[in-house]
Amino acid sequence: MKKSTFKILTVFLLASVMGWAQQLQTTTGQTENTTQIQSISIDNTQQQQPMAAGTATLQGDGYNYQIMSTPQVITHSNSQAVNSISICGSGNNSYYRVFDLDDDFGITTDFHVSAAEFGIGYVTDPGVPVPFTVNVYSSTGTFPNDTRTLQASAVFMATIANSTAVVSVPISATIPLGENLVYEIVINVGSTGGQYGVGANPAGETAPSWFSAPSCGIPSPSSTALSSDLVMNIVGNEILAFSECGTPLGQPIPAGAPGDTSGPMTPSVATVVASGVVGPNYYIDRVEMDITHTWTGDLIVTLAAPDGTELLLSVENGDSDDNYTNTVFQDGGADITTASGPFTGTFQPEGGTFANAFNGVEVNGNWELRVLDDANGDIGTFNNFCIYFIPNEAPVITCTTN
């Protein structure tokens, strides 16, 4: 029984586009689906000098972390030149790069992706934009037998004007500390009547290019299907420090005020999406809060971690004083028990240090600022609270001979 055999075409971007269509015909034979690699030429004489990775135009995305490193480029490509493509002439073509962030790039924090870059080439142009789907995954395990979580997806509509260029696609994703980044581009070749692919070159690479195309007998990613090295880069930032602020704001103290004048406030919750552990990965730099209340000596203020661990920040301090205004809690701060309202300044948590109280606690989840009004007569309003985390740098170990 005859079965179709589609060709994987490696296209070198050097000569005229004339005659490409004739070289993309499928063949039939007596065998099962197999992979065949052919070389074809494409004109890139109008291409400018290859740009450096990461120099394509970037767009901001309003990411909410407070402090990041300067943008950095993650790439395995030795050159950004685009002079070939490899395609299967039918169905989905998927191109992959895998980035081991900590081992290969020394990234020891969560990593925020702001853009994905890739080269573009074509064999035949359909005269309409061709969709390139960009997927960014976090990954654990060894690719391709890993466990992937899709963190973000975007679509770039390519045209003939993009041929032999490296384009930049804004995309926002966070790769958790300790996980790998898998970058995939999917093109449905022929769906729009043309053949486009991800640009490549033979200049070498620091890790394999991966490719899958079920129609050409490659159902799973293969590192041996391509004869050139894919131009696929990621641009992003190490998350050096971040803050999360609590909601809701403006709630009464106690929760039942003004009818009730004592009791707990509805907690203010700051949700942390980063991953890692206090101590090995992060430390709590500070907690900031602002409370309006006419008798601060009634108030007990507590910070609670996602696992329920609590640290007393301030216990019935200030007697009849008013308010906590621009109050900061930080390890090594002043003694809050000897201070007076409105407690403007930086104070040590009354119950101990953040470092000791939360050592080993996972940062991911809901951090609660809890306020208890333990006496009748006065009420107040909780205005705001924010918690700040900073990564702990990995230790540098220097070994000498003998």
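The model is predicted.

Six strands make up an open sheet. Their order across the sheet is E11-E10-E13-E8-E15-E16, and the pairing is antiparallel. Strands E11 (147–158) and E16 (218–222) form the edges. Each of these has a single partner strand, so one side of E11 and one side of E16 lack a neighbour in the sheet. On average, neighbouring strands of this sheet are turned by 15 degrees against each other, with direction ignored. In general, strands of a sheet pair through backbone hydrogen bonds, either parallel or antiparallel.

Within the sheet, strand E10 spans residues 130–140 and strand E13 spans residues 180–189. The two run antiparallel and are joined by seven bridges. Val136 stands opposite Tyr183, a residue of E13.

The structure also contains two disulfides. A disulfide is a covalent bond between the sulfur atoms of two cysteines. With bonded cysteines counted along the chain, the pattern is 1-2, 3-4.

Burial was assigned below a cut-off of 20% relative accessible area. Cys88 has a relative accessible area of 0% and is therefore buried. Cys216 is also buried, with a value of 0%.

The other disulfide connects Cys245 and Cys386, with an S to S distance of 1.9 Å. The link of Cys245 and Cys386 is right-handed, with 100 degrees about the S-S bond. Cys245 lies in strand E18 (residues 232–245) and Cys386 in strand E28 (residues 380–391), so the pair ties together parts 141 residues apart in sequence. Cys245 is partly exposed, with a relative accessible area of 41%. Cys386, in contrast, is buried, with a relative accessible area of 13%.

Methods:
Residues are numbered from 1 along each chain as its sequence is written. This is a predicted model: local features need pLDDT of at least 70, side-chain atom pairs count only at pLDDT 80 or more; totals for chains, interfaces and linings use all residues. Side-chain values use heavy atoms; hydrogens and water are left out. Two strands pair if DSSP finds at least two bridges between them. Helices (H or I, at least four residues) and strands (E, at least two) are DSSP runs, numbered from the N terminus. Axes are lines fitted to C-alpha atoms, for helices over the stretch in contact, and angles run from 0 to 180 degrees between N-to-C directions. A disulfide is a pair of cysteine sulfur atoms within 2.5 Å. Buried means under 20% relative accessible area, exposed over 50%, partly exposed in between (1.4 Å probe, protein chains only).
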